[in-house]
Amino acid sequence: MLSGIGTAHAVEFGEAPELAKQVADGTLPPVKDRLPTTPMIVTPTDRMGTYGGTWKMAQRNRRDHALLIRNIGYEPLLRWTPQWSSTIPNVALSFQPSSDATEFFFRLRPGMRWSDGEPFTANDIVFWYEDILNNPAFGDSVPEWLTSGGNPVQVDAIDLHTVAFRFSKPYGLFPTALARPEGVEPVSYPAHFLKPLLPKYNSKADSTAKQMGYAGWKERFVDVFGQPGTIDDPSRWNNPDVPTLNAWVLDGVYGQDDPLIAKRNAYYWKIDPAGRQLPYIDTVSMALVASKEAAGKAAIEGKVNMQERHVSKHADEVLAQNKDLLPFTLVESDMNILTLSLNLNDKDPVLRKIFQNKDFRVALSYAIDRESIIDRFVPGALPHQAAPRPESPQYHTVLARQFMAHDVELAQTYLEKAGLTDRNEDGMLMRPDGKPLAFSIDTEGAERFEMLKGVMRYWRDLGIDVTARNLPRDEFVALREGNNHHASAWGGDGGLDAMVIPINYLPMSSESSWFATGWAHWYLNPDSPDSITPPEAVQNQLALYDQLKATANTKIQNQLMRDILDISADQFYVMGIALPPNRKGVVARNFHNVPKVMPAAWSYATPAPTNPSQYFIETE
């Protein structure tokens with residue numbers, strides 16, 4: 001059966017007063033001509049709202065495009081339900097998988113339009129597939145979530161409003177992958193706007209670009225659109241002229257304009273049950289701040305009226321000092337407050353051999369006094385390795401609890417088992433090649449850096465010359481993209497969503513499985529110059545993941561994930577410190593339809609699946 005959202009029949013559509021005025025002035029078409037034939041009907045969380053107001057947030061001034069993605073940039077073909085229980089059509093009116101889960105057919109909404117009023121059709125998705133995804137100028141590999149059995153997806157337009165995604169092997173997890181933030185990618189490229197920038201469609205594209213001072217057409221394309229191929233790049237938010245399907249359209253440039261403003265999309269394709277076009281809120285305003293602490297201060301000062309990102313760790317302080325704000329609960333999905341991973345594919349062959357020795361990793365884990373770290377940074381949290389949360393159906397007792405005791409003597413024993421016994425006159429361990437055992441471990445963010453420094457002193461007490469570094473986000477990412485890092489300290493994706501985002505449990509993502517990016521490249525493309533052939537146990541684990549991706553049977557998925565986690569427990573790729581407790585967001589008393597409880601996860605794109613277009617602000 002085709003599954004979809006109810007159809008809006010012959011109704012009298014409503015719209016925001018500011019848009020009605022533009023219609024009356026003749027500068028905007030009537031609302032019935034701006035909406036698709038079948039708009040998506042959004043049921044409000046509590047009650048239908050009123051138009052008007054400004055949604056105020058605080059945004060970090062460097063590489064915080066995730067705030068934009070999570071709040072105003074999540075409109076994939078399929079989306080999560082607010083409860084994170086399943087996927088439902090979104091940009092797609094309906095979808096139908098084949099019986100063997102190799103083909104997925106999406107029916108689009110006839111009459112749907114980009115924010116500039118131009119039609120959105122299957123041609124836009126085919127343009128993304130042919131001219132972006134498979135354009136060697138923009139990259140030589142297809143993201144893992146768009147592959148099955150090692151082969152990339154094929155996309156075809158059946159007609160103007162129907163598109164097929166075809167895989168060579170069954171891919172039961174595809175609807176789940178499509179509902180993640182990355183799933184926005186296929187519907188992010190307005191063909192009518194971008195085709196003139198490409199030589200394929202404009203013979204003068206390159207010469208025109210050079211006349212404008214660019215090195216060529218590609219440099220101009222990136223300057224106009226941003227970095228193609230991945231949503232995880234801040235440049236994608238640099239040009240407010242790029243048409244979008246989002247509820248609010250930027251009216252400025254991220255990182256430059258303060259505040260950064262986004263205004264209502266007059267062609268937004270969702271309505272409330274009464275037929276009134278969404279969003280209710282007129283404007284989104286994001287004040288640029290230098291840090292998470294500054295975001296908390298902005299909330300105290302009344303510059304925030306609904307936000308969870310950045311302010312959640314300071315929520316109690318914010319709520320105590322600003323009585324106009326109320327809390328809402330974020331059900332934590334992260335599995336750890338701090339994951340620690342050595343680069344098992346380190347370019348230094350001596351370090352690589354040491355890091356790949358499981359006994360060395362076990363020694364580092366036993367050396368950490370987790371209770372002391374917890375008492376200092378997250379009082380009351382439970383010690384936990386890098387493993388799914390206890391609430392998860394994928395909870396794995398061994399993976400979660402092994403090697404956690406603080407036992408320095410046992411740590412020394414494991415160092416000896418790893419063959420590390422020689423020390424210099426200062427008591428520091430020596431490598432087999434006679435050099436001191438030294439490496440750096442990188443993170444980003446002041447709070448995480450302080451916690452990391454607390455952990456590092458235990459490793460230095462073992463005689464390891466380890467240096468903790470707090471790097472700017474761009475530098476942190478660039479080092480990992482080039483496999484130029486020794487070790488990483490980060491948060492813990494995959495607590496409740498281990499199957500959706502298993503980056504810490506097996507090397508399946510060259511972008512995020514930082515403990516072995518070379519092995520991940522091998523998984524995605526064995527012929528890649530960045531590929532490193534993994535050991536047999538890791539290959540077996542990756543083969544199990546291919547099987548998991550191929551099936552849509554929940555029981556089989558869970559068993560295969562259990563098998564994957566068994567291997568992860570035996571390999572012990574990544575270590576952790578503690579289980580993160582639930583957090584709080586803050587919302588103004590006159591800001592409505594925000595659920596009192598919502599999941600907190602990148603793969604859920606918190607709070608986007610709660611439909612921010614139906615939030616509203618009650619004015620006096």
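Figure 1. On a 1 Å grid over the protein atoms alone, a cavity is a set of points where a 1.4 Å probe fits but cannot get out, and lining residues have an atom within 4 Å of a point. This is a predicted model, in which local features need pLDDT of at least 70 and side-chain atom pairs count only at pLDDT 80 or more, while totals for chains, interfaces and linings use all residues. Residues are numbered from 1 along each chain as its sequence is written, and side-chain values use heavy atoms, with hydrogens and water left out. The second largest cavity is lined by 15 residues. N71, Y74, E75, Y268 and P612 lie nearest its centre. Its volume is about 110 Å³, taken as the space filled by probe spheres set on the grid points, which are joined across faces, edges and corners. The lining has seven nonpolar, five polar and three charged residues. Here Ala, Val, Leu, Ile, Met, Phe, Trp, Tyr, Cys and Pro count as nonpolar, Asp, Glu, Lys and Arg as charged, and the others, Gly among them, as polar.

**Figure 2. The largest cavity.** There are four cavities of 30 Å³ or more. The largest holds about 400 Å³ of space. Its lining comprises 22 residues, and S188, R236, W237, T244 and N246 lie nearest the centre. By class, 15 of the lining residues are nonpolar, five polar and two charged. Strand β12 (residues 248–250) contributes the most, with three residues. Strands (E, at least two residues) and helices (H or I, at least four) are DSSP runs, numbered from the N terminus.

**Figure 3. The second largest pocket.** A pocket is an open set of points with protein on both sides within 12 Å along at least five of seven lines. The second largest pocket has a volume of about 680 Å³. Of its 28 lining residues, W80, S85, T176, V500 and Q557 are closest to the centre. Two or more lining residues come from each of β6 (92–97), α5 (174–178) and α20. Helix α20 gives the most, with three. The lining divides into 16 nonpolar, 11 polar and one charged residue.

Figure 4. Helix α19 (residues 536–550) has 15 residues. From first C-alpha to last it reaches 21 Å, close to the 21 Å expected at 1.5 Å a residue; the expected span is 1.5 Å times one less than the number of residues. V538, Q541, L542, L544, Y545, L548 and K549 are its buried residues. Buried means under 20% relative accessible area, exposed over 50%, and partly exposed in between (1.4 Å probe, protein chains only). Down the axis of α19, the buried residues fall within an arc of 155°, so they line one face of the helix. The arc is that of the directions from the helix axis to the C-beta atoms. An α-helix has 3.6 residues a turn, so residues three or four places apart point the same way. The buried residues of α19 pack against β8 (147–148), α18 (517–524) and α20 (554–571).

**Figure 5. Helix α17 and its packing.** F476, V477, L479 and R480 are buried in helix α17 (residues 473–481). They cover an arc of only 160° around the axis, which puts them on the same side of α17. Their packing partners are β20 (438–443), β21 (465–470), β22 (487–490) and α18. N483 follows α17 and has a positive phi, near 55°.

Figure 6. S613 is found in the loop between β27 (597–600) and β28 (616–617). With 3% relative accessibility, S613 counts as buried. S613 touches A247, W248, Y268, K270, L278, P279 and Y280, not counting residues up to four places away in sequence. Contact means heavy atoms within 4.5 Å. L278 and P279 are joined by a cis peptide bond, with omega about 5°. P279 sits in the loop between β14 (270–271) and β15 (283–289). Another cis peptide bond joins T606 and P607, with omega about 0°. P607 lies in the loop between β27 and β28.

Figure 7. Most residues other than glycine have a negative phi, and most peptide bonds are trans. W84 has a positive phi, near 65°. W84 is in the loop between β4 (78–80) and β5 (87–89), and is buried at 17% relative accessibility. A101 has a positive phi of about 60°. A101 lies in the loop between β6 and β7 (103–108), and is buried with a relative accessible area of 11%.
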